[in-house]
Amino acid sequence: MAISGTGRYVWAGTLKGALFEVDVKTWKRTATRKDVHQSAIIGIFRLSDYMYTLDESGRLVIWLPDPDSENLCSLHGPCKILQIPRNPTWVQEIDKKVWAFYENPSHSKESPSRGGPGVLRVVDVHPKTSTRDKINVTSWTADVSRTDPFVFGKVMCGTAVPSQPDLVYLGHESGHVSIWNREEVKLVRVQKVSVEKITAMCGPARFLWVGFDTGFISIFDISGEWKVLKRWRAHKSRVVRLFLDVDSIWTASTLRVVSAGEDLFIQFWDGFLRADWISSTLRTREPDFSTYRNLNISIFSWNVDGQCPKKLQDGNPSNENLLAHFLQSLDEPDVIHFGFQELIDLSNKTLAARTILFASDVHDVTGRYREWRRLLKAEVLKHLGPDYVIVAHKHLVGIASDLFMRRSIAARARDVDIATVKTGFFDQRYGNKGSVMIRFVLDDSSVCFINSHLASGQKRPAERTRDIIEILEQKSHFSLPGSSTRHAYVSRGDGTQVADHEMTFFSGDLNFRVDLPRSTVIRAVKANKLDFLLEHDQLELEMQNNQSFRLRAFLEPPICFAPTYKYDHHSTEYDTSKKQRVPSWCDRILYRAQPTSKIVPLSYLRYEADISDHRPISGAFVVKIKTIKNDARNKVWRQVVRDWSSVEDKLLEMARNYYPIVVT
């Protein structure tokens, strides 16, 4: 479907090749053509003063301005017929050209020798040099397989961005964006943006908007190194289309972006991102209207490999004094988060099944959660005194989290809430892997703790990446906070998503490995060449090289200890079993803050308790908690809104130059 002329006429095509023209003022059919196309209409485009219609057979019909219809294109008017290859899997008008992709039917990840994903064809009809008797056409053909068969999958969508006038961006099912020179139709480079399938794109002004099959939309700053500016769930299922309401530039002095979803909803978004600009600018001005106080936060994380706490009492000082060493090392902690993984033996299928089917917050099938919590309470009381209480605790199969606070802090904490995300086997329904999340608000700052256990295996970084997406974005939902804490959350969030929190800690058994032979790693550990090993650490590599990696915005304190996995039980020897696993830093503590200076790491340690195949780790941090002075904030807000006016004027000018359509 497409709009003709000044928006009065709508053209529609059918599966049988018929074309209809409807006058939207009277809602009467004004023209019908059934003789031009004989197969399903797959595209109707308006390019300058022309209308294009395309069917499955590759017949491209160019409809010329009709002198008898006020020089508008009409189904009664003149047309020219061109032939392009049949059955494109994707076709779209971009920058006044018709772009089409033809999939290579033999290409697949399982058969890389059969060539690349397909061929890209572009057709440009030159209106200035064309007449009713002669259509001047330039076409290009680009073999996508000339790059690398595995670089990206078939084309799903495309767009141009006014701030990058020389380029065209195509979205691929593999989560890549290919970038093409507009004039020469040559591939410039390829950018990986997600593991999700890209299904829709548009470029309102400065930034690139990308829709995914998961219902999410991401906005990328593409002016230099690509950055994710904003990401949110726009639809419950696949984003089918993203497009611009160009008339809004002239009628509403804004640029609306429209998203259509498989959930049958249409959403309207501000293409200029006014509210986001104001929010971001306010964040940089935060010191002008806030006061700060320090909060000491400590995190303890351990995959206990199904061991019960009684096994710590085995005569080994590293085991018996584990929690004492951790707690006594803390300097007046305000908040302590304990995160455990594999509190039950996940290799014991009967025990795991009983826990999955029958365990609840009030019914502890194995008693294991209760035993560890009892030990934590006793150790905190013994070494820190009676001034600490548990404000939140939760378990999920083998994962358990316990949050302690100083009583004076707990009395002021608001919006305390818990969320869980189940990943792992049986289509992620039962949660042998996943995360437990606890958040709270103190004064006017929000803090979120995520205790995770990601997919295991040396060769499964992609599965771990998918787990992270599930945890951070797709399945994590806190309850909606009250309006009194709305300024504690960032990025205009309402507090229901992880990304809404001002400070976030992501810890646990993240299972990322070192990509080196086992013997090489062991020699390097003995020689204390940790920097060499970290160059091959999967998590470090993902953070450095994968711009779509969801943990890329997180930081980690410097690692100054040996890999924490995998040990023989009750031994200082790395895995001597038949599997001979590569020693790796599976256990990590990461943090993120807006701005990052609000979190300062004080320590990052490992302990030598040996009842598990993992070594425990801990991290201590000091964070800045803000208190907002509302009168001062309102004054700054008014000034920022005034500053936005000049930014908006420039964006409107750029958009109106790029989309020169005047509504009459």
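## Exercises on ring pairs, salt bridges and a cavity

Ring pairs join F300, W302, F326, F338, F340, W372, F404 and Y607 into a cluster, where rings of Phe, Tyr and Trp (its six-membered ring) pair if their centres lie within 6.5 Å, and planes under 30 degrees apart count as stacked, over 60 as edge-to-face and the rest as tilted. The model is predicted, so that local features need pLDDT of at least 70 and side-chain atom pairs count only at pLDDT 80 or more, while totals for chains, interfaces and linings use all residues. Residues are numbered from 1 along each chain as its sequence is written, and side-chain values use heavy atoms, with hydrogens and water left out.

**Exercise 1.** Describe the aromatic pair of F300 and F326, and then follow F326 to its pair with F338.

*Step 1.* A search of the whole structure finds 23 aromatic pairs. F300 and F326 form one that is tilted, with 5.1 Å centre to centre and 50° between the planes.

*Step 2.* F300 belongs to strand β26 (residues 290-303) and F326 to helix α4 (residues 322-328), so the pair ties together parts that are 26 residues apart in sequence; helices (H or I, at least four residues) and strands (E, at least two) are DSSP runs, numbered from the N terminus.

*Step 3.* F326 has a relative accessible area of 0% and is buried, a term that means under 20% relative accessible area, with exposed over 50% and partly exposed in between (1.4 Å probe, protein chains only).

*Step 4.* The ring centres of F326 and F338 lie 5.8 Å apart with the planes at 80°, so this pair is edge-to-face. F338 sits in strand β27 (residues 335-341), 12 residues apart from F326, and F338 is buried, at 0% relative accessibility.

**Exercise 2.** Where in the chain do K626 and E502 lie, and are K626 and E502 buried or exposed?

*Step 1.* The structure holds 30 salt bridges, each being a side-chain nitrogen of Lys or Arg within 4 Å of a carboxyl oxygen of Asp or Glu. One of them joins the side chains of K626 and E502, at 2.6 Å from N to O.

*Step 2.* K626 is placed in strand β36 (residues 617-628) and E502 in the loop between α9 and β33 (503-509), so that this pair links distant parts of the chain, 124 residues apart.

*Step 3.* K626 counts as buried at 3% relative accessibility, and E502 is buried with a relative accessible area of 1%.

*Step 4.* As a further case, D245 forms a salt bridge with R256, the closest N and O atoms being 3.0 Å apart. Here D245 is partly exposed at 23% relative accessibility, and R256 is partly exposed at 32%.

**Exercise 3.** Which residues line the largest cavity, and which element gives the largest share of its lining?

*Step 1.* On a 1 Å grid over the protein atoms alone, a cavity is a set of points where a 1.4 Å probe fits but cannot get out, and lining residues have an atom within 4 Å of a point.

*Step 2.* The largest cavity has a volume of about 30 Å³, and its lining consists of I84, V98, W99, A100, Y102, R121 and V123.

*Step 3.* The largest share of that lining, 4 residues, comes from β12, while β12 (97-103) and β13 (118-125) are the elements that give two or more residues.

Terms used
1 Å grid on protein atoms, 1.4 Å probe; cavity = no way out; pocket = protein on both sides within 12 Å on 5 of 7 lines; lining within 4 Å. Points joined across faces, edges and corners; volume = space filled by probe spheres on them.
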